[in-house]
Every structure is written in C-alpha cells, then in structure tokens.
Amino acid sequence: MNGYQGKMLTVDLSNRKTFEEPIDEAFAKKYVGGVGFGIRWVYDLLQKGDDPLSPKAPLVFSTGPLASIHFLGSTGISITSKSPLLGLIGDTDMRGRMGGSLKGCGYDALVIEGKSDRPVYLRVTEGSCQILDGGHLWGKDIRQTQEAILSDAQNRNMLVTSIGVAGERLVKYANISCELQFFAGRTGAGAVMGSKNLKAIVLGGKQKTPVSDMEKVKALVKAISSKIQTDGTCDTLSKYGTWNTTGPANLNGILPTKNFQATTFSEIDKIDGDAMLHAIYTGKRTCPGCPIGCRRVVKGETPYSFSTEFGGPQYETVASMGSLLLNGNPYAIGKANELCNLYGIDTISTGVTIAFVMECFDRGVLTEKDLGFQLNWGDPEGILRMIALISLREGLGDLLAEGVKRASEKIGKGSEQWAMHVKGMEVPMHDPRGKKGMGLAYATSFKGADHESSMHDEAYQRENALPELGFTVPMARKQFEGKAGLVKCLQEYWGVMSDAVSLCKFPMIPPRPLKPGLLVDLLNAVTGWNFTMEDFLTTGERIFNLARIFNVREGITRKDDQLPKRFEETLKQGGSAGESYPKKELEKLLDEYYRLRGWNPEGIPTPETLSRLGLD
Amino acid sequence: MPVTVRFLSAFQDLTHGRKIFFVDENRFSKILADLEKEIPGLKAKLLDQEERIHPAYNVMLIRGDVSHLCHGLEFKVENGDELVIVPIISGG
C-alpha cells in the first residue's frame, strides 16, 4: 500500500506486551491517517464517561501518508487521546521528525494502552519494540531526559520524544516534546502519557515507505517549493517566523491584552516582530523539506538567560506570555517559553491561566495569602514563578494545573467571568471580536478554543482567496455574514485534512502557494489513489463528524458551543473598537452552521448525515 | 500635515530598518511613487504583476480611531492619515 507501511504497533503497558496489527487500504482511504486514524481508534476503544487518565484510555501517535516524503513538515505527527483538559476528544500535532521516524521503524501508528506499574520508556526500531526501565528518567526535565537517553550507547542517533515533569504530575495541559524543538502543546496529551508512567519514546529506523509515483511527487514538490521561494507570499514568514503576526494583530485590535480586557498593547514596540528579531533572535531552523524556515532560534542573557537548544517562542507564546499579561519584556517572554518547554506545559493554556490569576488579584478575589506572593500585571518574576508552581503542582499551582475552567469553578466569587476558555480549553491569541469567523471556529471546534481548527478571517478579505473551494468574494474580518460556510469548509480542509495527510498548515493559508488542488495531487501521487476534491473534503467532513459524535456521546450539545461572556463586551479602542460578539449573532451563525453540517438544531449530527459519511 | 507611512514587520531590508516615512501626497498611488524614490524596489515587492497590492501584504488606512483595509491604489488620503503596510497573518 503506497504511502503506508500497512501496520500499526500497539503497546500494552499493563501487560508489557507489544503486537502489530495490519492497516488495510479501505480503512486508510476512509480516514487517511493522522488525526483521522487517531479519532477513529480512540472513539472505538472508549465508552462514554471513561476517565482520560485511566489505563483504559489510549494514546495514539499517528502519521499521515505524506510522511513518506520529506516536504513542508510532512514528517510530523498527530497525537490523539481523550483530553483530560476537556473531557472530550483531544488532538494535537507537532511538526518535526517523529512521524517520519515512526514510518522508518515500519509503522504508520503507535497506540499506547494500559499503564505501567513503574516508569518506563519505549525503544522502537525496525522490527523491535522494547519496554525499558525509565526510573532514572522520572523527575527530569525534557533536556535532562534527552541527554540521559542519548548517553546510552544503544540510543545514539535515535529520536527522543518525551514528557517533562508537568506530564508526570498530570498537569491537564502538559505537552509532549520531540528533540527539544517540537511541541504537541494543546489538549493535555502529556498528562495522558504521564498517567501511563511512560516517560519517553525513542525511535530509530530507516525503512522506506513505498510511494506510488515518485517522479510526479518530485515535480509537485519542485513546483510548490519554487513558488514558495519566489512568489513573495512566504517572505515575512521566513524572515520573522510567526512573529510577523504580532504587530498586525495589535494594529487590527485582535491581540489579546490584559486577559482579553483589551486588544491593543501599549508596549507593542517592545515585542513585535522587529523588536523580537533585535532582542533575542540568533537564527532560524527548518522542518525537513521546508524552504520557509519559520522556526526561530533564540538566546537570552542574564537575568533572563535561555538557550538556543529549544524552539523559540512563536506568536502564540509572545502574546500569551506578553500582551496578555501586560509583559513587554522580550527576554522574560523568551525565558517563560524555555521554562514551559523544560517543564513540558502548553504556553497558551499556561499564559491564559496566569492572566486569570492576575485578574483575580486585581479584583481582590485572590491575595498574597492564597499564592504566597503578590502577582501583578506585567511582573516577569511573578510569571516565571507561576510557571514553576503550575508545572510542579505546588500550592495554588495544584488547582491551576487543572485549567482555568476547573480553577474558576473552585475559586468562585464571579471569577468564572474572566476564565477564558471554550469547553475547558483556554482561548488562544486571536480575539474573535475582531475576527468573527474565528469565534464560530472556537465555539464549534471539537477541541474547544483552538486557532488551528478552521481559518483566520484576515486571509479571506481579498477577492479570490480560495476559488477552488468557492471563496471568491471578499469577506471583511469583522463581518458575520458568510462565516458559517467558510468555517465549516475550512474545518474540513485546513483544520482536519492537513493533519490527516500530515502537512504544515502555514503554506496552505491564502494566498500562499499550497492550493487545495495541489494538495490532492500530492496525496494521489504518494498513494496512487484517485481522490477528487470532493473525496478529499468528504473525508475531512467524516473525521470532523466522528469527533463530534465522540463529544455528543460525552453529552455535548448546542449549549456547549459557546464563547466566554467577555466577548459580548464591546471593545473600546484599537483596530476593532466598537466590535463585540453578541450571543444572538453567535446563535444565528450556529443555526446556519448546523444546517450546513446536516446537524439538528441541538448540534447533533442527524442519522442521514452519519449515513452519508459512512459513520452509521 | 503630511501622511505618515509605517512599515510593520515588512520591508525592513529595503528601508534599512527605518519604519516611518512622511509623504505629502493625497493618493496612495502617488505616495507609492514618492516612496519608491526613497525606497528603491518597494513597488516591485508591494505590488503584483498587475499593479495591485500584493496578496502577501495589507495596506491599512488609519484615520483617528478607525482603520480600514485598503483595496486598490487610487484611494484618497487626507492630511494626518496614517498608512500602515503589514504582512498577512501567518496563522499563529
């Protein structure tokens, strides 16, 4: 089967057994890979109400068929589980090399089941999987873990994926990291890995995956790469990385500031793209086969020293550790990024949680007595202390490690009003009052507030943004009209299918050159299939609906497809002054969105829809 | 009062790091022609082959507290307006 190794590896940690199972082509065609495989298996292996941190709950690492080639981050991986943060389906992806390495070991997917009675790590090579003692790794940060593993001669030149201390301590937004550079941050997959006493996965294999038409693949790769390098649409991404977003986000009034109380930051000149380049940038890195190179290499000196070893902060981290907390210190942002990476926690959820605590202090709901120290807006030392407290679950950090939803419910006193989450997942760094489609995307994403699940309104303001998918008429970022159809389509194309085939999402954002037709051509050239655009989008729709019925099984309905109340408040200044996200507008969008999806007015897929998608 | 033109995370190599320029013109097309003298190569990068604003960039007109996304080159500007040239969003 081209594009696949045709088998998955299951590791049962409770019984210390490993076994291989075949993946047939019919299944591959139906779910493609990555998030598609992951959601299907997690759905099948769990029942309503199962604890995501119980031995029964699986953790799925799944590649897409494009991981067979090394192009635009295709060698990354999707990680799927029931999310301990949301209590719903959880999926997170990371670019880098883990997917390519897993394929190299001869597997399309790795499924972890059960729970070891003591800390372990896995060593997977071609035709072999060992469950090894990991007692010496427990308690180590991700750098120490990688060093300890690679110091063993048997592990030389192998690829290390691990959790940090936060994952061991079941912080609900703990991440999983690979090579100290790539982070599967959202939904708390690191806690699932920690709950199994699995500290690390070490991969080493060079087995090739068959490809149907390598000449055509090479031609497509050459054509797309050439466009990326010459058409100008990726120039600022290459120069600034995602820091190219910070200044424009502030200008447009969508930069979350002071826990979403505002959307413009008075100290933007200290943390925008040019400022970050000047302050902490030392170079850039690329994923395999990527001509863009958006990843930053950064360095800081005393008092906020941080190393070039880690991936530099991306836009989301600059905002969540910067403007959101009124912190205009780029060095403190770099240090906060490094600490989150070392401990192994998601920077977005961490930043939103710290912002919540700062607002609690500001409003007198929490005091120095509760935390052990005073926490003021913009206090770099306080931010760094908070990251440690949460990661180690010390003091109030133990409660905050549960996420802002649970923390605010426990703290009470009206603090629920400034706990910024959707379905339990903390809101990322795009205020939906200035980009209305993003609001609907947050409300309807199967993993709560996520900025990579659908689309970014700014990219659809020009004519002919994505004609192959029918989006030719400009849609202003602030308008509600037309956004239901846009969000639905892009949830399937950009949100789900990029992860199913395994490819970086950035080159797919209009007007960049990786157009839908080229992506389908690439999939067909790798697999030998004859997918049409309709087949491709229907597959995305199938995966999205499967995720929805997982969540419906857990009790999710229309009442949960909501936004934090703060977004109903009108912004007073900046590029989105006068904008709000009234509940009645969201309800109107939901009506249209559910109708387009073939869901009933309560947001539940109808039997006809499920039958059409082969999910009955 | 001239129009202020600001470059935000864009074209810093062409402007040699300078972010703000002042131009006494009343249409964007004229402003651009004027700027080209100070920033050679700007038009080639900011405009596409059909002389429209390149899809990789947005031009924002800031007038008081209100900002507009500009389409085309022939829009009018007034004394005291600010034009900001920014890259499109990357996705976060």
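Domain bounds, as used here, come from an automatic or database domain assignment. The model is predicted.

**Exercise 1. Domains of chain A**

Task: State which domains the assignment gives for chain A, and describe the side of domain 2 of chain A that touches domain 3 of chain A.

Solution. 
Step 1. Chain A is assigned domain 1 (7–204), domain 2 (236–426) and domain 3 (436–562 + 582–612).
Step 2. Between the C-alpha centres of domain 2 of chain A and domain 3 of chain A there are 28 Å.
Step 3. The contact between these two domains involves eleven residues of domain 2 of chain A and ten residues of domain 3 of chain A.
Step 4. On the domain 2 side, β15 (421–422) and β16 (425–426) of chain A each contribute at least two residues.
Step 5. Sorted by class, that side holds seven nonpolar, two polar and two charged residues.

**Exercise 2. A sheet in chain A**

Task: Find the order of the strands in the six-strand open sheet of chain A, and say which strands stand at the edges.

Solution. 
Step 1. The order is β8-β7-β12-β9-β10-β11 (chain A), and the pairing is mixed.
Step 2. The edges are β8 (128–133) and β11 (182–184) of chain A; each has a single partner strand, so one side of each has no neighbour in the sheet.
Step 3. From one strand to the next, the twist averages 20°.
Step 4. Take one pair as an example. Strand β9 (residues 159–162) of chain A pairs with strand β10 (residues 176–178) of chain A in the antiparallel sense, over two bridges. S162(A) has S177(A) in β10(A) as its bridge partner.
Step 5. Helix α4 (residues 142–150) of chain A lies across β7 (120–125), β9, β10 and β12 (198–204) of chain A, and runs at about 140° to β9(A).

**Exercise 3. One residue of chain A**

Task: Decide whether M533(A) is buried, partly exposed or exposed, and list what M533(A) touches.

Solution. 
Step 1. Locate the residue: M533(A) is in helix α22 (residues 533–553) of chain A.
Step 2. Recall the cut-offs: a residue is buried with 20 or more other C-beta atoms within 10 Å of its own, and exposed with 12 or fewer.
Step 3. M533(A) has 14 C-beta neighbours inside 10 Å and therefore counts as partly exposed.
Step 4. Leaving out residues up to four places away in sequence, M533(A) touches E468(A), P516(A), G517(A) and V520(A).
Step 5. For a distance across the chain, take E394(A), which is 139 residues from M533(A) along the chain; their C-alpha atoms are separated by 51 Å.

**Exercise 4. The fold of chain B**

Task: Describe the elements of chain B and how its strands are arranged in a sheet.

Solution. 
Step 1. Chain B has three helices and five strands. Read from the N terminus, they run β-α-β-α-α-β-β-β.
Step 2. The five strands make an open sheet with the order β2-β1-β5-β3-β4 (chain B) and mixed pairing.
Step 3. β2 (20–23) and β4 of chain B are the edge strands; each has a single partner strand, so one side of each is left without a neighbour in the sheet. Ignoring direction, neighbouring strands are turned by 25° against each other on average.
Step 4. Go through the pairs. Strand β1 (residues 3–7) of chain B runs antiparallel to β2(B), with four bridges, and V3(B) has V23(B) as its bridge partner in β2(B). Strand β3 (residues 57–63) of chain B is joined to β5(B) by six bridges, also antiparallel. β3(B) pairs with β4(B) over four bridges in the antiparallel sense.
Step 5. Look at I62(B). Its bridge partner in β5(B) is E82(B), and its bridge partner in β4(B) is S67(B).
Step 6. The hairpin of β3(B) and β4(B) has two residues between the strands, and G64(B) there takes a positive phi near 65°.
Step 7. Helix α2 (residues 28–38) of chain B lies across β1, β2 and β5 of chain B, at about 120° to β2(B).

**Exercise 5. Size of chain B**

Task: Why does the radius of gyration of chain B agree with a compact globule?

Solution. 
Step 1. A compact globule of 92 residues would have a radius of gyration near 12 Å; chain B has 12 Å, so the two agree.
Step 2. The C-alpha trace of chain B spans about 30 × 30 × 30 Å along its principal axes.
Step 3. Of its 92 residues, 33% count as buried.

**Exercise 6. Where the chains meet**

Task: Describe the side of chain B that touches chain A.

Solution. 
Step 1. The contact draws 20 residues from chain B and 34 residues from chain A.
Step 2. β4 (66–69) and β5 (82–87) of chain B are the elements that give two or more residues to the chain B side. β5(B) gives the most, with three residues.
Step 3. The chain B side divides into eleven nonpolar, seven polar and two charged residues.

Conventions. Residues are numbered from 1 along each chain as its sequence is written. Chains are lettered from A and ligands numbered from 1 in the order in which they are written. This is a predicted model: local features need pLDDT of at least 70, side-chain atom pairs count only at pLDDT 80 or more; totals for chains, interfaces and linings use all residues. Two residues are in contact if their C-beta atoms, placed from the backbone, lie within 7 Å. Ala, Val, Leu, Ile, Met, Phe, Trp, Tyr, Cys and Pro count as nonpolar, Asp, Glu, Lys and Arg as charged, and the others, Gly among them, as polar. The radius of gyration is taken over C-alpha atoms; the globule rule is 2.2 Å times the number of residues to the power 0.38. Two strands pair if DSSP finds at least two bridges between them. Axes are lines fitted to C-alpha atoms, for helices over the stretch in contact, and angles run from 0 to 180 degrees between N-to-C directions.
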